[in-house]
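Keep the sequence and the structure in view while reading.

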Amino acid sequence: QVRLVESGGGLVQAGGSLRLSCAASGNNFNVNAMGWYRQAPGNERELVAAVTSSGSTNYEDSVKGRFTISRDNAKNTVYLQMDSLKPEDTAVYYCFLDAVDTSRAPLYYWGQGTQVTVSS
């Protein structure tokens with residue numbers, strides 16, 4: 001069983017910064033990618049940023065140049081540094097883990113979600 005623990009959400013004024021962390025724990029899995037989705041009230045969940053095990057990254061267009069995703073492979077932890085935050089970044093942010101088990105069966109896990117609120 002894999003567990004994802006998120007931290008770092010909160011309330012910040014527009015233009016401010018927050019850093020989210022997500023640590024994956026458990027046994028017998030190999031990570032393909034980790035990252036973050038977000039969901040605002042009334043909206044669908046959207047991919048914000050992801051990083052693969054080889055270090056490739058991708059970002060949702062609206063966060064490019066403001067958010068930076070990074071990963072500590074040894075700790076199976078992913079970070080999302082969010083700068084120049086805007087009120088439209090307000091959402092619940094969910095960490096995800098895309099992995100395989102020892103028999104190469106796919107695994108996909110979600111974190112519990114952390115609220116990010118940006119005031120204008």
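## The aromatic cluster

Y37, F96, Y108 and W110 together make one aromatic cluster. The model is a predicted one, in which local features need pLDDT of at least 70 and side-chain atom pairs count only at pLDDT 80 or more, while totals for chains, interfaces and linings use all residues. Residues are numbered from 1 along each chain as its sequence is written, and side-chain values use heavy atoms, with hydrogens and water left out.

## Aromatic pairs

A pair of aromatic rings is described by the distance of the centres and the angle of the planes. Rings of Phe, Tyr and Trp (its six-membered ring) pair if their centres lie within 6.5 Å; planes under 30 degrees apart count as stacked, over 60 as edge-to-face and the rest as tilted. The count by this rule is 5 aromatic pairs. One of them joins Y37 and F96, edge-to-face, with 5.4 Å centre to centre and 75° between the planes. Y37 belongs to strand β4 (residues 29-39) and F96 to strand β9 (residues 91-101), so this pair ties together parts that are 59 residues apart in sequence. Strands here are DSSP runs (E, at least two residues), and helices are runs of H or I with at least four residues, both numbered from the N terminus.

Y37 also pairs with W110, edge-to-face, at 5.1 Å centre to centre and 70° between the planes. Because Y37 lies in strand β4 and W110 in strand β10 (residues 106-110), the pair ties together parts that are 73 residues apart in sequence.

## Burial and charges over rings

Is F96 buried or exposed? F96 has 5% relative accessibility and therefore counts as buried, whereas W110, at 38%, counts as partly exposed. Buried means under 20% relative accessible area, exposed over 50%, and partly exposed in between (1.4 Å probe, protein chains only).

The charged end of R45 sits over the ring of W110, 4.6 Å from its centre. R19 lies over the face of Y79, at 4.2 Å from the ring centre. For a charge to sit over a ring, NZ of Lys or CZ of Arg must be within 6 Å of the ring centre and within 35 degrees of the ring normal.

## The whole chain

The chain holds 0 helices and 11 strands. Buried residues account for 40% of its 120 residues. Along the principal axes, the C-alpha atoms fill a box of roughly 50 × 25 × 20 Å.
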